Amino acid sequence: MTVAITGATGQLGRLTIAKLKTLLPEDQIVALARSPEKADLGVETRAFDYDRPETLAPALAGVERLLLISSSEVGKRAPQHRAVIEAAKAAGVGEIVYTSLLHADRSPLSLAAEHVETEAALAESGILHTILRNGWYAKNYTGSIPTALQHGALIGAAGAGRVSGAARADYAEAAARVLAEGGHAGQTYELAADDAWTLADLAAEVSRQSGRDIPYVDLPEAEYAAALVKAGLPEGLAAAIAGWDAGAAQGALFDDSRALSGLIGRPTTPLADVVRAAL
């Protein structure tokens, strides 16, 4: 059986392929990348450019199971994904595994709409498919640790919202196992860390490990967006990040189903380990 992974040179793609290489023979794995010359993944790599539809179906020749990692180009995702789905159907791909968003069908996050549209396109395609609704990457917040240490505080607008943020490697392992094992078609998995935490919890863990007092300072959404702009982020991105925090305050990033640890067969990476790696 041949499996293929889109976005193979991205962070999630690389981790998924690394795990797949422990589960399947390397000659059964195909990496799909916009710039194959940059891949260096130890498996066959084929050119695959979302914006060049003519490259898609030929690259999927012989592929039986495809991991469609959601595009990084917010605002262009839906048409890009639809092009991949149409190419997969033309190439005779038997199953698609798609990385969606946690509780996409009811999420208040601005990111949700394109994932819902993609899930609908998969349903319309007639291709067997599995939906992996990935929760927040813990790195989305631990990436702020250097700035927090520099300024003596972690800021945000998530209030006491609980975040079930998992390590990227955990999501990658789940995708790899679903691809390698099969038998998951028709399933939608809500994937998140076993244990949720607030930004105050994150700040406390950073304080504990760094030996410094790093409090969490909660701001109104607009003030947080303004602070991000002042730090150098574009206004649109700053507003989006602040909006995601506001969604977290409403519970958008929380899930306690433990489906992720069920798929990977072990507990998800603890917050303390994620913070240690970030530090």
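A polar contact is a pair of N or O atoms within 3.5 Å; within protein, one atom must be able to donate a hydrogen and the other to accept it, and residues adjacent in sequence count only if both atoms are side-chain atoms. With that in hand, let's meet the chain. This is a predicted model, where local features need pLDDT of at least 70 and side-chain atom pairs count only at pLDDT 80 or more, while totals for chains, interfaces and linings use all residues. Residues are numbered from 1 along each chain as its sequence is written, and side-chain values use heavy atoms, with hydrogens and water left out.

**The whole chain**

- The chain holds twelve helices and nine strands, which are DSSP runs numbered from the N terminus (helices are H or I with at least four residues, strands are E with at least two).
- A compact globule of 279 residues would have a radius of gyration near 19 Å, and the chain agrees because its own value is 19 Å; this radius is taken over C-alpha atoms, and the globule rule is 2.2 Å times the number of residues to the power 0.38.
- Along the principal axes, the C-alpha atoms fill a box of roughly 55 × 35 × 35 Å.
- Of the 279 residues, 52% count as buried (buried means under 20% relative accessible area, exposed over 50%, partly exposed in between, with a 1.4 Å probe and protein chains only).
- Among contacts with a separation of 6 or more, 75% join residues 24 or more positions apart; contact means heavy atoms within 4.5 Å.

**His129 in a strand**

- His129 belongs to strand E6, residues 128-134.
- The side chain of His129 reaches the backbone oxygen of Ile127 at 2.9 Å.
- Beyond its neighbours within four places in sequence, His129 is in contact with several residues, including Glu95, Leu122 and Gln187.
- From His129 to Glu119 is ten residues in sequence and 9.3 Å in space, C-alpha to C-alpha.

**Ser207 in a helix**

- Ser207 sits in helix H8, residues 199-210, and counts as buried because its relative accessibility is 15%.
- A polar atom of the Ser207 side chain lies 3.3 Å from the backbone oxygen of Arg212.
- Leaving aside neighbours within four places in sequence, Ser207 is in contact with Arg212, Asp213 and Ile214.

**Two loop residues with positive phi**

- Asp40 is not a glycine, yet has a positive phi of about 50°; Asp40 lies in the loop between strand E2 (29-33) and strand E3 (44-47).
- With a relative accessible area of 75%, Asp40 is exposed.
- Arg258, also not a glycine, has a positive phi near 60° and is found in the loop between helix H10 (235-249) and helix H11 (259-264).
- Arg258 counts as partly exposed, at 43% relative accessibility.
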